[in-house]
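Please prepare a short briefing on the structure shown below, grouped by topic.

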Amino acid sequence: MELHKWSGHIDQAMGYIASMPNARLIYLMNGEDAVLLYETEDAALLRDVDTYEILDASGDINAGFYAVFNNIPVTEEGKGRFEERFRNRARKIEDEPGFKAIRVLRPLNSDTYVILTLWEDEKSFKDWQQSNAYGSAHAKRGTAEGIDKVPNIFLRPSYVTTYVR
């Protein structure tokens, strides 16, 4: 299964939505910027998309109203170790109030993995960040055992983008 992500101006996104009324496109926005997401086993519906293999999935991405994209550039040699970390994740996020979905995404046309989480609202995401489950999931960050301290895994700093429906 793949997830396709188109990014552009909201006017162009609305044009795509109007031209494909039966497509299951998820429309997200942040100011004038828009993102269209869709999961498929078929070819991409839109041109100029970022395509990802879904490595791990939980929940229904159509249920979330606040989307958080944790964009993580990974070196070629670091991919195996990075993916192993997410294959062995604690899965505590799924029990958090307001959680709707997670997708761990391997890039097919870039070097940037995406950990996409969808939430009922921004408050639910912020509450997760303050939770014991979040602390447990990120307990090794910044320590000698943390993946962020392993050499030759990350190409450049990760960054977060957020959107609402």
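Which residues line the largest cavity? In this predicted model, the lining of the largest cavity is made up of Leu55, Asp56, Glu83, Phe86, Arg87 and Val104. Because the model is predicted, local features need pLDDT of at least 70 and side-chain atom pairs count only at pLDDT 80 or more, whereas totals for chains, interfaces and linings use all residues. Residues are numbered from 1 along each chain as its sequence is written, and side-chain values use heavy atoms, with hydrogens and water left out.

**Cavity**

- The structure holds one cavity of 30 Å³ or more, where a cavity is a set of points, on a 1 Å grid over the protein atoms alone, at which a 1.4 Å probe fits but cannot get out, and lining residues have an atom within 4 Å of a point.
- The volume of the largest cavity is about 40 Å³, a volume being the space filled by probe spheres set on the grid points, which are joined across faces, edges and corners.
- Strand 4 (50–59) and helix 2 (79–87) are the elements that give two or more residues to this lining, and helix 2 gives the most, with three residues; helices (H or I, at least four residues) and strands (E, at least two) are DSSP runs numbered from the N terminus.
- By class, the lining has three nonpolar, no polar and three charged residues, with Ala, Val, Leu, Ile, Met, Phe, Trp, Tyr, Cys and Pro counted as nonpolar, Asp, Glu, Lys and Arg as charged, and the others, Gly among them, as polar.

**Hairpin and backbone**

- Strand 2 (residues 26–30) and strand 3 (residues 33–40) pair in the antiparallel sense over five bridges, pairing being assigned if DSSP finds at least two bridges between two strands.
- These two strands form a hairpin with two residues between them, and Gly31 in the turn has a positive phi of about 65°, while Tyr27 stands opposite Leu36 in strand 3.
- Asp48, in the loop between strand 3 and strand 4, has a positive phi of about 60° although it is not a glycine, and Asp48 is exposed at a relative accessible area of 69% (buried means under 20%, exposed over 50%, partly exposed in between, with a 1.4 Å probe and protein chains only).
- Arg91, likewise not a glycine, has a positive phi of about 65°; Arg91 is found in the loop between helix 2 and strand 6 (99–107) and counts as partly exposed at 38% relative accessibility.

**Aromatic pairs**

- The count comes to nine aromatic pairs, taking rings of Phe, Tyr and Trp (its six-membered ring) as paired if their centres lie within 6.5 Å, with planes under 30 degrees apart counted as stacked, over 60 as edge-to-face and the rest as tilted.
- The rings of Trp6 and Tyr16 have centres 5.3 Å apart and planes at 85°, so this pair is edge-to-face; Trp6 is buried at 3%, whereas Tyr16 is partly exposed at 22%.
- Phe82 and Phe154 also form an edge-to-face pair, at 6.3 Å centre to centre and 90° between the planes, with Phe82 buried at 2% and Phe154 partly exposed at 29%.
- Ring pairs link Tyr66, Phe99, Trp119, Phe125 and Trp128 into a cluster.

**Ser124**

- Ser124 lies in helix 3 (residues 122–129) and counts as buried at 10% relative accessibility.
- Leaving aside neighbours within four places in sequence, Ser124 is in contact (heavy atoms within 4.5 Å) with Pro97, Gly98 and Trp119.

Key. On a 1 Å grid over the protein atoms alone, a cavity is a set of points where a 1.4 Å probe fits but cannot get out, and a pocket is an open set with protein on both sides within 12 Å along at least five of seven lines; lining residues have an atom within 4 Å of a point.
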